Amino acid sequence: MLDPTFTSALARLVPPAALLTAAEDTRPYECDGLTLYREQPGAVLLPDTEAQVVEILRLCHAARVPVVARGAGTSLSGGALPIAQGVVLSLAKFRRILAIDPLARTAIVQPGVRNLAISEAAAAYGLFYAPDPSSQIACSIGGNVAENAGGVHCLKYGLTVHNVRKVRAVLITGEIVEFGGGALDAPGYDLLALITGSEGLLAVITEITVKLLPKPQLAQVALAAFDELEQAGAAVGAVIGAGIIPGGLEMMDREATRAVEQFVHADYPLDAAAVLLVEADGTPVEVAAEMADIIAVLKASGATEVRVSENEAQRLLYWSGRKAAFPAVGRISPDYYCIDGTIPRAALPRVLRQIETWAQEFGLPCANVFHAGDGNLHPLILFDANKPGDKQRTIAFGDRILELCIEVGGTITGEHGVGVEKIAGMCAQFAPAELERFLGVKRAFDAEGLLNPGKAVPTLARCAEFGRMHVHGGQLAHPELPRF
Amino acid sequence: MTFAATTSRTRPQHDALQALTGRLRDDYGDRAVTAQAVREQHSHGEGLADAALPDVVVFPHTNDEVAAIVRLCHAARIPIIAFGVGTSLEGHVAALYGGVCLDFSQMNRVLEVNDADLDCRVQAGVTREQLNTELKGTGLFFPIDPGANATIGGMASTRASGTNAVRYGTMRENVLGLTVVTADGRIVKTGGRARKSSAGYDLTRLLVGSEGTLGIITEVQLRLYGLPEAISAAVCQFPDLKSAVDTVIVAMQLGIPVARIELLDDVQMDACIRYSQLTEFAPKPTLFFEFHGSEAGVREQAETIQSLAADHGGSRFQWATKPEDRSRLWKARHNAYYAALALAPGKQGFATDACVPISRLTDCVLETQADIVQTGLIAPIVGHVGDGNFHLVVLFDPARPEERAKAEALAARVALRAIAMGGTCTGEHGVGMHKLDALVAEHGEAVTLMQAVKRALDPHDILNPGKTVPP
């Protein structure tokens with residue numbers, strides 16, 4: 001519960017409908033896409049002007065009340081998990097596209113604008129916004145920036161950090177700041193990169209200038225089937241190693257294709273141990289040349305079958321399974337847990353084989369559908385939360401996968417962020433000197449630690465606790481990793 | 001064009017320096033040098049002669065040695081300046097408060113090349129030409145080309161770009177991870193070989209472009225690219241500057257993946273014709289193009305651009321398909337600065353670095369050209385126009401202070417014009433000590449944050465003091 005005098009001070013800053021304090025009104029905000037964690041906030045604010053955001057933050061700063069900014073609430077790592085003694089600051093009403101400059105190929109948008117809405121608005125100029133997380137119909141661009149969201153097209157067109165030109169934001173003290181600029185490069189420290197992926201810990205974003213790209217004239221996708229999971233993993237490295245950067249390079253294993261086939265009827269080869277989807281885009285001439293190279297590499301890598309989409313409808317059909325993989329898996333299993341590690345591509349065969357072995361050891365099926373070209377794994381561990389022990393084994397399995405990701409030189413989160421979910425993993429991935437840099441950056445922006453506390457970057461003391469827990473449990477998986 | 005603002009920082013105490021120098025000699029023998037000539041050589045980059053000598057130059061071999069040296073400097077609060085090959089243009093390496101210069105030329109090994117991951121790891125002192133030589137035979141290359149044969153560490157520190165950033169991006173897009181020695185002498189790894197990560201703040205990009213003020217970069221993980229199947233270059237000449245710039249804007253809008261587009265105005269083209277014997281061309285506004293891709297793709301890109309250029313009154317393309325013809329052309333482009341200086345022997349020059357959103361490029365270039373004509377100065381225009389980035393080489397007679405003042409006033413107007421058009425006055429050369437005012441003009445409140453970040457990562461202001469952010 002918040003102090004009533006604080007709540008009434010909030011009430012003076014926004015219209016009555018923009019302040020929610022009753023339990024039944026704040027309940028929809030108790031969690032985001034990671035429903036494992038829930039907490040009801042003291043209040044939810046829904047401002048619709050930047051001036052209101054400034055006033056709210058000033059007040060919270062003065063009263064030392066923590067603030068959790070929230071976009072569409074689709075985060076998969078608990079980034080928008082509220083704090084009982086704090087407020088949720090929803091940017092849902094910031095949903096205007098302010099300007100599109102087709103010549104400069106940029107759009108200025110408010111943070112609550114949906115990712116897909118940008119591409120829809122830009123389509124009139126033959127342009128699109130490239131990063132396309134699977135939740136793009138719902139997720140907001142402000143949340144995308146906060147999480148440095150990725151998607152299928154990031155292999156060729158970059159992550160959010162590569163596709164944002166400028167961000168306007170409000171600091172916890174109420175000051176308005178701008179990062180980046182209209183031109184290629186802005187002088188001084190790259191605070192734009194720092195704010196991107198900062199999970200709401202540094203500032204509250206109020207306006208974003210994104211880059212737009214010309215829509216490719218043609219896109220074509222090759223669907224390749226493999227008898228061995230490892231072969232498919234090696235084929236990913238072979239495509240990239242040949243110097244080809246496809247528009248998308250995704251993998252689904254048998255567990256995944258069987259789940260989605262019942263859902264989308266895309267005629268996937270169900271006997272294949274793994275399927276790769278490899279997209280070429282550009283002018284028809286470029287696509288033809290690249291597709292020929294892609295097919296040659298796939299065949300040389302042991303593909304038993306390669307189909308190429310003959311028209312747009314077929315291309316979308318081939319992709320439909322990949323795009324619908326999560327809901328499809330949700331249909332065949334009562335629960336699933338999505339992991340988000342990223343590894344160097346060359347380690348794919350080894351890691352995939354190990355996951356397969358562990359799936360048998362843990363007795364939990366695991367469907368792999370992921371951004372193979374980026375080396376970004378999304379193993380979906382299937383379990384039943386109502387079965388005793390399933391959830392614990394699932395979490396242990398997931399931890400093993402992430403530890404392996406670190407061991408092969410990768411990271412515990414490719415695109416979903418750390419949030420609350422992976423805060424312990426940060427202690428395994430980063431050494432104390434590195435975490436101290438993070439904490440130093442945090443202090444430079446938010447000395448009192450009021451913005452989204454408890455997420456993304458663990459304190460050293462917290463890591464020490466985790467470290468002890470690991471050791472006491474006798475489960476220190478990789479003793480060579482720096483821990484403290 | 002002002003010098004570093006005054007700061008509370010002073011030169012280190014004589015005794016502390018003597019003790020440190022003695023210790024460095026004990027530890028590194030011949031690799032710790034105090035000879036005047038060597039210190040002078042490490043006192044400046046290129047561009048304006050704004051030398052400031054370090055007290056000692058050390059040539060480290062390993063990350064651990066760098067960390068040990070930084071720890072000594074940290075304990076004694078003595079400045080430390082990382083040095084690649086000294087090709088930066090904004091006074092980045094001048095030792096404004098003396099101290100230790102760390103010369104990375106002996107940390108020049110390519111540590112690993114990973115074909116299937118299209119990346120490599122190099123020590124900071126590897127130069128870009130050396131890297132590409134070592135990559136021969138792998139089918140891979142590292143495209144970023146700022147003209148000078150700079151070190152990878154220096155390029156990362158200044159967030160360098162160059163002629164083909166329009167296709168391959170700048171160092172911001174191409175550095176995957178770093179090994180960095182922190183201000184207190186600890187070795188930290190940022191980023192890594194994973195293609196994407198949302199774990200923790202993006203320290204890699206924070207360090208890229210930080211000009212040695214937040215940490216000392218000792219190793220760089222770089223993105224590599226497959227060598228294109230076909231490369232060809234072409235030259236197209238235009239009746240006036242506007243037609244040339246408009247051609248570029250349309251090409252960019254269509255998203256044609258040109259590898260390089262370089263603009264030279266009539267004055268610069270004239271200079272290059274004389275300096276590099278490009279006698280087959282006329283002194284007219286000119287675009288240099290380079291196309292990368294499959295045979296068919298390159299042909300298609302070139303045809304599209306050629307018809308766009310023709311729509312704007314451009315000449316027929318003159319092709320350079322053979323490697324030696326291409327390198328002659330690009331060498332001429334890279335020598336544009338020297339060619340400009342050769343236009344008026346005895347004069348000195350400095351480069352401006354405006355960059356604007358491409359929709360404002362025509363306005364910015366044409367207003368600037370008119371401005372130059374008004375001043376009566378010689379200031380050729382050359383630019384990576386696909387990125388909206390262009391440079392003037394402003395020439396002045398050092399013996400005539402009023403001419404230098406006029407030149408600096410012109411440069412200041414170019415900077416303000418770019419900023420007013422939503423751009424920047426430092427597209428790629430960085431801030432160093434010369435552009436601190438401009439940083440404040442462009443970033444306002446964010447400069448306070450930059451200062452806070454600087455204090456958080458270098459509380460005693462020992463890393464390249466006086467650069468990048470105002471004190």
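Colleague: Which residue takes a positive phi just after α15(B)?
Modeller: In this predicted model, the residue is B:Gly422, which comes just after α15(B) and has a phi of about 85°.

Colleague: And what span should helix α15 of chain B have, given its 20 residues?
Modeller: Helix α15 of chain B covers residues 401-420, and at 1.5 Å a residue it should span 28 Å; its end C-alpha atoms lie 28 Å apart, so the model agrees with that expectation.

Colleague: Which residues of α15(B) are buried?
Modeller: The buried residues of α15(B) are B:Ala407, B:Leu410, B:Ala411, B:Val414, B:Ala415 and B:Ala418. They cover an arc of only 135° around the axis, which means that they sit on the same side of α15(B).

Colleague: Which exposed residues are on the face turned away from the buried side?
Modeller: That face of α15(B) carries B:Pro401, B:Glu402, B:Ala405 and B:Ala420, which are exposed.

Colleague: Switching to chain A, what is the strand order in the open sheet of seven strands?
Modeller: The order in chain A is β15-β12-β14-β13-β17-β18-β16, and the pairing is antiparallel. The edge strands are β15 (305-308) and β16 (335-338) of chain A, each of which pairs on one side only, and the twist from one strand to the next averages 20°.

Colleague: How many bridges join β13 to β17 there?
Modeller: Two bridges join β13 (residues 248-253) of chain A to β17 (residues 366-370) of chain A, and these strands run antiparallel. A:Met252 is the residue that stands opposite A:Val369 in β17(A).

Colleague: Where does helix α14 of chain A lie?
Modeller: Helix α14 (residues 390-407) of chain A lies across β16 and β18 (379-383) of chain A, and runs at about 165° to β18(A).

Colleague: Last topic, how many residues does each chain put into the contact?
Modeller: Chain B contributes 73 residues and chain A contributes 76 residues. On the side of chain B that touches chain A, several elements each supply at least two residues, among them α9 (241-253), α11 (295-311) and α16 of chain B.

Colleague: Which element of chain B gives the largest share of that side?
Modeller: The largest share of the side of chain B that touches chain A comes from α17(B), with seven residues. By class, that side of chain B has 29 nonpolar, 27 polar and 17 charged residues.

Methods. Residues are numbered from 1 along each chain as its sequence is written. Chains are lettered from A and ligands numbered from 1 in the order in which they are written. This is a predicted model: local features need pLDDT of at least 70, side-chain atom pairs count only at pLDDT 80 or more; totals for chains, interfaces and linings use all residues. Two strands pair if DSSP finds at least two bridges between them. Helices (H or I, at least four residues) and strands (E, at least two) are DSSP runs, numbered from the N terminus. Axes are lines fitted to C-alpha atoms, for helices over the stretch in contact, and angles run from 0 to 180 degrees between N-to-C directions. Two residues are in contact if their C-beta atoms, placed from the backbone, lie within 7 Å. The expected span of a helix is 1.5 Å times one less than its number of residues. A residue is buried if 20 or more other C-beta atoms lie within 10 Å of its own, exposed if 12 or fewer, and partly exposed in between; C-beta atoms are placed from the backbone. The arc is that of the directions from the helix axis to the C-beta atoms. Ala, Val, Leu, Ile, Met, Phe, Trp, Tyr, Cys and Pro count as nonpolar, Asp, Glu, Lys and Arg as charged, and the others, Gly among them, as polar.
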